[in-house]
Number of protein chains: 2
Amino acid sequence: VPATGPEAAAKECLGIVGVGLIGGSIGMGLRARHIAARVIGIDRSPETLARAQALGAIDEGSQAIDAVAAADCIVFATPVGALPGLMASAAPFAEPYALVTDVASVKRDVVAAGVPLFGSRFVGGHPMAGSEASGIDAARADLFEGAAWALTPLQAPEAGGATARVARLVEELGGQPVQVAADIHDHLVGLVSHLPHALSFTFARAVALDPSAAAAVDMAGASYADLTRVSRSSPDLWADILLANRDELAAMLADYEALLRAMREAIESGDRAALLGRLSTPPPDA
Amino acid sequence: VPATGPEAAAKECLGIVGVGLIGGSIGMGLRARHIAARVIGIDRSPETLARAQALGAIDEGSQAIDAVAAADCIVFATPVGALPGLMASAAPFAEPYALVTDVASVKRDVVAAGVPLFGSRFVGGHPMAGSEASGIDAARADLFEGAAWALTPLQAPEAGGATARVARLVEELGGQPVQVAADIHDHLVGLVSHLPHALSFTFARAVALDPSAAAAVDMAGASYADLTRVSRSSPDLWADILLANRDELAAMLADYEALLRAMREAIESGDRAALLGRLSTPPPDA
């Protein structure tokens, strides 16, 4: 008899589609805590699957999407660009009782693709963890320890069981579930994650394009390290994320440009009072 | 006989004008290593002087600028805005053999003010260390360990002795002296320090002005922490720094705005190839 209720979630078979930094860390976290009965990794790269098995992130690997058939819970952990197509390919093989979630950084389009395929068994997710590194070799069992993990469940009475199961999975991995509607998620995460990534990528480019870049970074301190760290993230991954959250990002970047222009004008005109006002808004504490 | 050559620098009397994060850390570093014979702190705040003495940053304190008269080496460590006026007040009391340096983040105006007052005994300096914290309570004896420390000596044959003495002081504090002309310094440091501070202050303001800021920071991860850290620095200090490097900053901010606008346009138009190009310039390694 397959696991169907929240009480059965502790020993289910987990299928992870995409065994990179996030998917690999989920597998490691569950296996290290002996939570899942079995973790199947599904990835197009046999090298990634072998590495994931060697690192203890999965019990077994498959290159074929039909391997999701064995899973009580399917976690899609591929880059957001590939996600809707991959969910559609997997859907015919998924058991009708299987719980389905994902970890993509943008939720509106993913939820719009997942709900027609999986109904109220689909609970969108987004762990606010990760790093500028990517790939299975960067995975860690404790990656989610203390991190917020957004969940965007269908707002329907029958979705409660699925939401509770995914929330428990998140807590078992050390994360803190935060329920939020997909469009609200995309605004909030756009502001505190996608926007700072866009600013960091652009700062890295501004420095690199300066003819004196090499001499400048010889004198760089902590502010340079902080402002460039996330610009070392995967350009491919981030192109997909920024495009998937296009409307929010475009508005936020336009607002930021206006704020920056006003600061520049205060500097150019030597208006110390105006400049001081623009430097005196502390960031809200996380 | 007062110390005049490089070989005498090890046991001189040091006068530190402005006993905050940087001035206090210099005092602590020299006293912890038993390098200076005596450290006199000069600050308008008696509370700061008492605290600096309690923390072991200075041997004695004075609120009067004429206390620089006892120093073989005078380090100006006040915010850049106050610096030219303070150097002019101190000059009549300084011994004619006294070495003079400073730690301001912008060098062109400071060197222009210091050289007429102190001649080739003035060697501009700027340690690339510090933090968003300020004040004597944030001071640490090891603050400069491994940090670059720009020196902008007068390019004259008679300036060699002074340069060597300040370079040795920097090395004794664990710093790495980097000689650079003042205007070059202001460009390089504008790029890797002042520009990222301006971007961080503006990002903090963008988040704070969003009506959903509180909910957003509840989901914030490391990119938010990184991009906001230096925005917690003193607004007063940074208003002075950004204004003192006005021309460089205005040009760099305009360039940054153009790069950001181009990124936004690639996002708005869904031009993935153009966006990918803008995300694919890794920052030069520090």
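1. A polar contact here is a pair of N or O atoms within 3.5 Å; within protein, one of the two must be able to donate a hydrogen and the other to accept it, and neighbours in sequence count only if both atoms belong to side chains. Please keep in mind that this is a predicted model. With that rule, 20 residue pairs are in polar contact between chain A and chain B, both partners being at pLDDT 80 or more.

2. Which parts of chain A meet chain B? The elements giving two or more residues to that side are strand S7 (148–153), helix H6 (182–209), helix H7 (213–218), helix H8 (222–228), helix H9 (235–244), helix H10 (246–268) and helix H11 (272–279) of chain A. H6(A) provides the largest share, 21 residues. By class, the side of chain A that touches chain B has 52 nonpolar, 15 polar and 16 charged residues.

3. How much area do the two chains bury between them? The figure is about 7800 Å², with 70% of it on carbon and sulfur atoms. Chain A brings 83 residues to the contact and chain B brings 84 residues.

4. Charged pairs also cross between the chains. Side chains of opposite charge can pair when their charged atoms come close. Between chain A and chain B there are ten salt bridges. One to look up in the viewer joins the side chains of Asp240(A) and Arg272(B), at 2.9 Å from N to O.

5. Over all chains, the count comes to 28 salt bridges. Within chain A, Arg38(A) pairs with Glu60(A), and their closest N and O atoms are 2.7 Å apart.

6. The structure has two cavities of 30 Å³ or more, and the largest cavity holds about 40 Å³ of space. What lines the largest cavity? Its lining consists of Ile26(A), Val75(A), Thr101(A), Asp102(A), Val103(A), Trp149(A), Val166(A), Leu169(A) and Val170(A).

7. Strand S5 (99–102) and helix H5 (160–172) of chain A each supply at least two residues of that lining. H5(A) gives the most, with three residues. Seven residues of the lining are nonpolar, one is polar and one is charged.

Notes
Residues numbered from 1 in each chain as written. Chains lettered and ligands numbered in written order. Heavy atoms only, no water. Contact = heavy atoms within 4.5 Å. Buried area = accessible area lost by both parts, 1.4 Å probe. Salt bridge = Lys/Arg side-chain N within 4 Å of Asp/Glu carboxyl O. Helix = DSSP H or I, 4+ residues; strand = E, 2+ residues; numbered from the N terminus. Nonpolar A, V, L, I, M, F, W, Y, C, P; charged D, E, K, R; others polar. 1 Å grid on protein atoms, 1.4 Å probe; cavity = no way out; pocket = protein on both sides within 12 Å on 5 of 7 lines; lining within 4 Å. Points joined across faces, edges and corners; volume = space filled by probe spheres on them.
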